[in-house]
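Thanks for coming. I will go through one structure this morning, and I will keep to what can be read from the atoms.

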Amino acid sequence: IGSIRHQLIFLFLSENLITSAIAIITGLILSYFLFIPWFNTMASTDLEINLLNNTNIYLFLFGLLLFITLASGAYPAFYISSFRPLQIISGKQKIGSKSKFTSVLLTFQFMLAVITIIAGTTFLRTSAINEDRDWGYDNSNKIVFNTPNLDLYNQMQNELKQQSAVKSIAGSMDRIGLHRNIKEVTLNQDIVEVNLIKGGLNYPETFDLQLTLGRFFDENLTSDIDNSILINDSFVESYGLDQPINTAVIIDSSNYFIVGVVKDFHYTNFGYDIAPTIIQAIPDSSYRYMTVKVKPNEVQAMSNLIKQSWHGKVDNAIYDGIIQAEVFEFYFQEMRGLRNTFIFTASFAVILSAMGLFGLVSLNISAKMKDYSVKKVLGASMAHLSRIVMKKYMILWFIGCLLGGYLGTLAISALLNEIYTFHSGVGIIPIVSAFSILLGVIIFTISTQLLKVRNLNPVETLKTE
């Protein structure tokens, strides 16, 4: 009726521009009031949108608006506007009969969905494995707090010994899990690097470290403070000690002899390998922290009592106490945040795939209603029609699973090795879960559109032919 091509191009692009602008504004509102608060809670982060003081976000949104407008509108604008009306009306030119490009995009969405589902499932398993991992000692019944001077240590010790819930008390210069004292020592004329823990004679036993060879420090032997040390299994393995007992180690120019070997325990969080470790006995004058081992059901009550008693004895100082089970809590929060981020991303990838699939299937079925009507008139069953519709998307699902499974396994394995020391690996369960979840989404989405085919009336559809 008189439109020229550049007007049609402008029409397509302006409609896309308006639609994209509405989408971005709606997205900003939902992000500010819903998604970012939800994400911060879920992932233990503190993200925020500062629209008033951040001009970069406006530049980003403007660039995003232009990109989406052109990326989604240029193809139909320039392609459809090139059609000749007479050829379309006469039926010589079909619009949208086949679209390899949309199939490629949908396959890409399937691939991303598979990768993110594998990531979410893998990080969920890894988080559970790390949270259930054996620390190498019982962490549930110990309270550790600072004692700035020996007088305070003795006062607290005398008071706590009167409590029936207290099983043992030990002093130390360091705190397992919070402080890392890396030390160079000499072993067999070689300088080696170890973790060094300094504690009282009964410190290893109070911490429930497990002896694998030799003996613990003897509280009746004051000489153990001057020349005896304990080591862990990693020390033995790392430096190839066949007979570690009585082996000499030089620490600060003084000779110390190994009297016992303890089972490996986590001196730092699970982001680090268990390193060779030495436990050195020190006199009470060097204590900076007190570890109190209590009955399991009395931990919280004793923690509150210790804090109250400590504040009653100390002025102008900060109480630095913690239940030992909580020393890696920040690490676990980071792991949970990362896990939840991948689950969040996987959920959105699946939703986007379902939306893309819904639109494509809906258009495909709408364009072929007359074909399906003819098939129904000729006796085709609903099962047969369903197979016709499903066949194409099952092929796309298969390709997406192959690409996503392969690339996801490679990428996520590398990411796990970069982030975690101890992890589950990708394994078969995340891969099968990703394939199954995506297949379920595809079947459900297509089934909702197949209702149109089942309910169509061939007479109504074909009467215009």
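Let me begin with a lysine. K263 is partly exposed, with a relative accessible area of 30%. This is a predicted model, so keep that in mind throughout.

K263 has a partner. It forms a salt bridge with D134, and the closest N and O atoms are 3.7 Å apart. D134 sits in the loop between helix 4 and strand 1, while K263 sits in the loop between strand 8 and strand 9, so the pair ties together parts that are 129 residues apart in sequence. D134 is partly exposed too, at 49% relative accessibility.

How many salt bridges does a search of the whole structure find? The search finds nine. I will take a few of them.

One joins D320 and R175, with 2.9 Å from N to O. D320 is in the loop between helix 9 and strand 11, and R175 is in the loop between strand 2 and strand 3, so this pair ties together parts 145 residues apart in sequence. R175 counts as buried, at 8%.

Another joins D252 and K183, at 2.7 Å from N to O. D252 lies in the loop between strand 7 and strand 8, and K183 lies in strand 3, so the pair ties together parts 69 residues apart in sequence. K183 is partly exposed, at 21% relative accessibility; the cut-off for buried is under 20%.

There is also a network: E131, E329 and R336 are linked by salt bridges.

Now a lysine without such a partner. K198 is in strand 4, residues 190-199. K198 is buried yet has no salt bridge. Which side chain of opposite charge is nearest to K198? That is D252, 5.0 Å away. Leaving aside neighbours within four places in sequence, K198 is in contact with S172, M173, D174, Q280 and I282.

Next, strand 1. Five of its five residues are buried. Both faces are covered: K142, V144 and N146 are on one side, and I143 and F145 are on the other. What does strand 1 pair with? Strand 1 pairs with strand 10 in the antiparallel sense, over five bridges. There, K142 has K293 as its bridge partner. Strand 1 also runs antiparallel to strand 11, and two bridges join them. In strand 11, the bridge partner of V144 is I322.

On to the helices. A77 lies in helix 2, residues 55-80. At 0% relative accessibility, A77 counts as buried. Not counting residues up to four places away in sequence, A77 touches I9, F12 and L13. The C-alpha atoms of A77 and R5 are separated by 9.2 Å, although these residues are 72 apart along the chain.

Last, helix 13, residues 428-455. At 1.5 Å a residue, its 28 residues should span 40 Å; the end C-alpha atoms are 41 Å apart, which agrees. Where does helix 13 bend? The bend is at T448, by about 30 degrees. The buried residues of helix 13 include P430, I431, A434, L438 and V441. Further along, T445, I446, Q449, L450 and V453 are also among them.

That is where I will stop.

Methods: Residues numbered from 1 in each chain as written. Predicted model: local features only at pLDDT ≥ 70, side-chain atom pairs only at ≥ 80, totals over all residues. Heavy atoms only, no water. Salt bridge = Lys/Arg side-chain N within 4 Å of Asp/Glu carboxyl O. Helix = DSSP H or I, 4+ residues; strand = E, 2+ residues; numbered from the N terminus. Buried < 20%, exposed > 50% of the residue type's maximum accessible area, 1.4 Å probe, protein only. Expected span 1.5 Å × (residues − 1). Bend = angle between axes of the 7 residues up to and from the residue. Contact = heavy atoms within 4.5 Å. Lys, Arg positive; Asp, Glu negative; His and termini not counted. Pairing = 2+ DSSP bridges.
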